[in-house]
Amino acid sequence: MTRLAGAAAALALGLNAFALAHLDFTRGAVSASPRTQAPQAVETFDAAWTIVRDTHFDKTFNGVDWNAVRAELRPRAAAARTTSELRAVLRGMLALLGQSHFTILPATADAGQDIPSGTGEPGFDVRLTGEGLLVTSVEPGGPAAQLGVKPGWRVAAIGGTATGDLVRTLPPETDERVRRLEVWRAAQVRLRGLAGTGVMVAFEDAADKRIELTLVRRAASGQPVTVGSLPTMFVRVDARRRQTPSGAVAGVIAFNVWMAAVDAQVQQAMDDLRGADGIVLDLRGNPGGLAFMLTGISGHFLGERVLLGVMKTRDSELKFVSNPRLVNARGERVPHYRGPVAILVDGLSGSASECFAGGMQSIKRARLFGETTMGQALPALFDRLPNGDVLIHAYGDFVTADGTRLEGRGVVPDEPAVPRRRDLLDGRDPALEAALAWIDRATSGRNGVSGWRQP
Amino acid sequence: MSRFNLRLGRAVSRVLSVVAVAALAAASSVVVPAQEALPPARTLIDRHVKAIGGRDAVLAHSSMRITGTVSFPANGISGSLEAFAAKPDKALVKLNIVGIGEAAEGFDGTVAWSQSPMTGPMLAQGKELEQKKFDADFYGELRQEDRYKSTTTVEKTTWEGRPSYKVKLVRHDGSEEFEYYDVENGFRTGREFTRDMVMGQVKIQQTASDYQKFGDLLHPATTKVNVMSVQQVLTIVTVEYDKVDPAVFELPAAIKALMKAPAGK
């Protein structure tokens, strides 16, 4: 069994570093579990409190007296009359830590929750900006596109809830990055629902004219992936060629979550784009996933094993080292990609995306464009609690190769590029444009990666 | 697994343990003097080997295929496992995890490799390679004396709630690991060791239980592996001896390609 244990241990290390911001947990309840039972309030509270006590990477619990927390909140958990009340106690307990990746994923809908569950989507994405909640992308051929929705339109209301009300529910002192994240989440919760059902959305078009549309949600696109107790996620990888301003060729690869199913598709994309003058990795809106995957994805751009960052737990460290990808999808030896690499990030790039972008930035192998990332970069585990809910709990901290801690700070782009409404209405993407222009500068405008010198 | 099934599983494992103890009681015993002097490590190792079927039975086989399951109970992750081994030191382990895919690692006597959808193909180097070679020894279960600088019983303690002897094994490279041998039935029931991996040096704790007869040898049907706060449970379902096709140990195409010199060199 030594052989088995060794191999299993290696796999466990990969699964240990699960770094997924809770963006996609807006999709509703976690997968059904045969363990779902009656509230079991005290048992569930004790389990959650104990797991955090035993695994939190910081023995000081970020300055919180964890025993005092138990003394104060356990009686409230015991007094909880419903599962929803218990969850409120648990969430309150976790919130005291003031860190990301501590949350409860409900196994059943909270009482009074009028939000429909389901993974259907209306086919457009949004971001909260200084100019309101804007449509930032519209899926070609999707429900929104079919009804003429355009990037740059402002979302005034979703399902009868005014956008302003989504913003006003947050305390005035809320950090701007958190405000944008929470409003996005609130919008997504309302936009998503059962496929085939409709959601009424009020937009303001380019001329600020109010347009009310009922969008029929279509089934979520992408490859469904369910890992353990987590909700099903839909993996989407998009790869295409874009011309730089000088006519050079850049490969643009976007993926929406760090799941194992991404790897083969990125491998194929890299095989197709190996001759490109530059590569742009678009991680905007990517909330993370299996953080250990960054060792494999980074290996497409590094010819040697290079330290990208370190996960520090209470009593050990796990190094994230690139694994050079020197074999193509056909099993042939190939060189790693040596050209310039740009990474696009925004306020919804979280967790594993931050670890990757921050790591690549720290070793100067990539230049970052866009907006500062989420700042929620703690590797986490997920454990089923006695009542069937799932506890997400951080058990490690992540610092990049140059010692930068990302939690709370995020990854700061080398070239900030914030989409304005006018840009979106004109069909422009400032972050991508900046990245393509940089590829031109980096390669001196010449086609061919020989014009690029890696720093 | 429901709590009821969890209890049922524990109950079954207790029954199996009792059966195993009863079956082995006559064949296996360690004389512990009244002053509780610790038995020599070699005695404990030999007693374990005898308990699982005997040295001759172990040496009679030249290859083995194991099938089973792997799970991460806390977070609901599960999958299947298939492991091959052959003398003198060939090994291949495949784990197929739902939602992740197949991860494999192997050693063909010279090259140690791994491949996973999270990292891509990878060659083991340096100390990691040496450890893979050591672990791949088909008869490693015997803990042959020439493979260690020393083996010492360090204390009588408790392991998984049972009285156990703790044995320290020191390899010729100076690395140490600890093993636990059940006082009552002689089985090796635990290990604590470290392994060098690309990610750094990792502490691994392993608990073996539910020894059951597969063919002419007993194997722990359940092995729990703890790595950095995560517990996995490996379960053996079948064991087949001496029918492994040597071709299974051949290096995958991606690994062969990795070993080729870069183009132009």
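Helices (H or I, at least four residues) and strands (E, at least two) are DSSP runs, numbered from the N terminus. This is a predicted model, in which local features need pLDDT of at least 70 and side-chain atom pairs count only at pLDDT 80 or more, while totals for chains, interfaces and linings use all residues. Residues are numbered from 1 along each chain as its sequence is written, chains are lettered from A and ligands numbered from 1 in the order in which they are written, and side-chain values use heavy atoms, with hydrogens and water left out.

Select β11, β12, β13, β17, β18 and β22 of chain A. In the order β11-β12-β13-β17-β18-β22, these six strands form an open sheet with mixed pairing; two strands pair if DSSP finds at least two bridges between them. The edges are β11 (237-243) and β22 (415-416) of chain A, each with a single partner strand, so one side of each has no neighbour in the sheet.

Now pick out β13 (residues 278-282) and β17 (residues 341-345) of chain A, which pair in the parallel sense over four bridges. For D282(A), the bridge partner in β17(A) is L344(A).

Contact means heavy atoms within 4.5 Å. Axes are lines fitted to C-alpha atoms, for helices over the stretch in contact, and angles run from 0 to 180 degrees between N-to-C directions.

Next, select helix α8 (residues 260-273) of chain A: it lies across β11, β12 (249-255) and β13 of chain A, at about 175 degrees to β12(A).

**Chain B: rings**

Over all chains, the structure holds 13 aromatic pairs. Rings of Phe, Tyr and Trp (its six-membered ring) pair if their centres lie within 6.5 Å; planes under 30 degrees apart count as stacked, over 60 as edge-to-face and the rest as tilted.

Select F134(B) and Y148(B): the ring centres are 5.7 Å apart and the planes at 80 degrees, so the pair is edge-to-face. F134(B) is buried, with a relative accessible area of 18%, and Y148(B) is buried at 6%. Buried means under 20% relative accessible area, exposed over 50% and partly exposed in between (1.4 Å probe, protein chains only).

Finish with F138(B) and Y139(B), an edge-to-face pair with 5.0 Å centre to centre and 75 degrees between the planes.
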